[in-house]
Amino acid sequence: MSLTLQQALNITQGAFEAGITLKTAPLTVAVLDSGGKLVSLQRQDGSSMLRPDIATAKAWGALALGCSSRKLAQDAEIRPAFISAINVLAQGNLVPVPGGLLIKTETNQIIGAVGISGDLSDLDEKCALEGILHAKLYSLDT
């Protein structure tokens with residue numbers, strides 16, 4: 001199974017709805033397929049210009065290393081040289097802070113990742129999870 005455009009849009013809709021409920025700053029949502037290719041990138045009005053790159057990098061890092069960007073942030077604290085080296089290999093496309101989650105099916109197949117940027121990283125991550133659940137999909141972190 002692969003991530004569809006409709007699923008990506010549903011994730012984005014759920015994330016934006018969560019952002020409204022949580023009263024976040026304007027969010028940007030990037031949804032990637034399992035190969036790391038962009039399926040959907042949506043920005044709320046007022047989202048700043050670097051947010052698409054940050055959101056995409058959060059999702060890409062989760063896919064590249066098979067874990068949430070929160071886990072990457074924890075690894076960066078414990079093993080900063082390792083994460084720095086990985087980021088060099090990734091050509092700077094890794095943002096090790098919360099807000100990037102893997103997307104999986106009910107059979108645990110990873111079909112993509114979502115990355116969100118715009119507010120505090122913990123709120124970005126909460127909106128990402130809500131988006132995944134809104135699309136009736138799962139995350140390895142749920």
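Student: Is Gly19 buried or exposed?
Tutor: In this predicted model, Gly19 has a relative accessibility of 3%, so Gly19 counts as buried. The cut-off for buried is under 20%.

Student: Where does Gly19 lie?
Tutor: Gly19 lies in helix α1.

Student: And which residues does Gly19 touch, leaving out those up to four places away in sequence?
Tutor: With those neighbours set aside, Gly19 touches Thr24, Leu27 and Cys127.

Student: How far apart are Gly19 and Pro52?
Tutor: Their C-alpha atoms are 16 Å apart in space, and the two residues are 33 residues apart in sequence.

Student: Back to the helix. At what angle do α1 and α5 pack?
Tutor: Helix α1, residues 5-22, packs against helix α5, residues 121-134, at an angle of about 135°. Their axes are 7 Å apart. That angle makes α1 oblique to α5.

Student: Why quote both an angle and a distance?
Tutor: Because two packed helices are described by the angle between their axes and by the distance between those axes.

Student: What is the handedness of the crossing?
Tutor: The crossing of α1 past α5 is right-handed.

Student: Which residues meet there?
Tutor: From α1, the contact involves Asn10, Ile11, Gln13, Gly14, Ala15, Glu17, Ala18, Gly19 and Leu22. From α5, the contact involves Leu123, Lys126, Cys127, Glu130, Gly131, Ile132 and His134.

Student: How many of them are nonpolar, polar or charged?
Tutor: The contact of α1 with α5 has 7 nonpolar, 6 polar and 3 charged residues.

Student: Let us turn to the strands. In what order do they stand in the sheet?
Tutor: The 4 strands form an open sheet in the order β2-β1-β4-β3, and the pairing is antiparallel. β2, residues 38-43, and β3 stand at the edges. Each of these two has a single partner strand, so one side of each is left without a neighbour in the sheet.

Student: By how much are neighbouring strands turned against each other?
Tutor: On average by 15°, with direction ignored.

Student: How many bridges join each pair, starting with β1 and β4?
Tutor: β1, residues 28-33, pairs with β4 over 6 bridges, and here Thr28 stands opposite Ser117. β1 and β2 pair over 5 bridges, with Leu41 in β2 as the bridge partner of Ala30. β3, residues 100-104, and β4 pair over 5 bridges, and Leu101 stands opposite Val114 in β4.

Student: What lies between β3 and β4?
Tutor: These two strands form a hairpin with 5 residues between them. Asn108 is in the loop between β3 and β4, and its phi is near 70°, a positive value in a residue other than glycine.

Student: What about the phi of Lys136?
Tutor: The phi of Lys136 is near 60°, again a positive value in a residue other than glycine. Lys136 is found in the segment after α5.

Student: Is Lys136 buried or exposed?
Tutor: Lys136 has a relative accessibility of 70% and therefore counts as exposed. The cut-off for exposed is over 50%.

Definitions and conventions
Residues numbered from 1 in each chain as written. Predicted model: local features only at pLDDT ≥ 70, side-chain atom pairs only at ≥ 80, totals over all residues. Heavy atoms only, no water. Axes fitted to C-alpha atoms, helices over the stretch in contact; angles between N-to-C directions. Parallel < 35°, antiparallel > 145°, perpendicular 65-115°, else oblique. Left-handed = near helix turned anticlockwise from the far one by under 90°. Contact = heavy atoms within 4.5 Å. Nonpolar A, V, L, I, M, F, W, Y, C, P; charged D, E, K, R; others polar. Pairing = 2+ DSSP bridges. Buried < 20%, exposed > 50% of the residue type's maximum accessible area, 1.4 Å probe, protein only.
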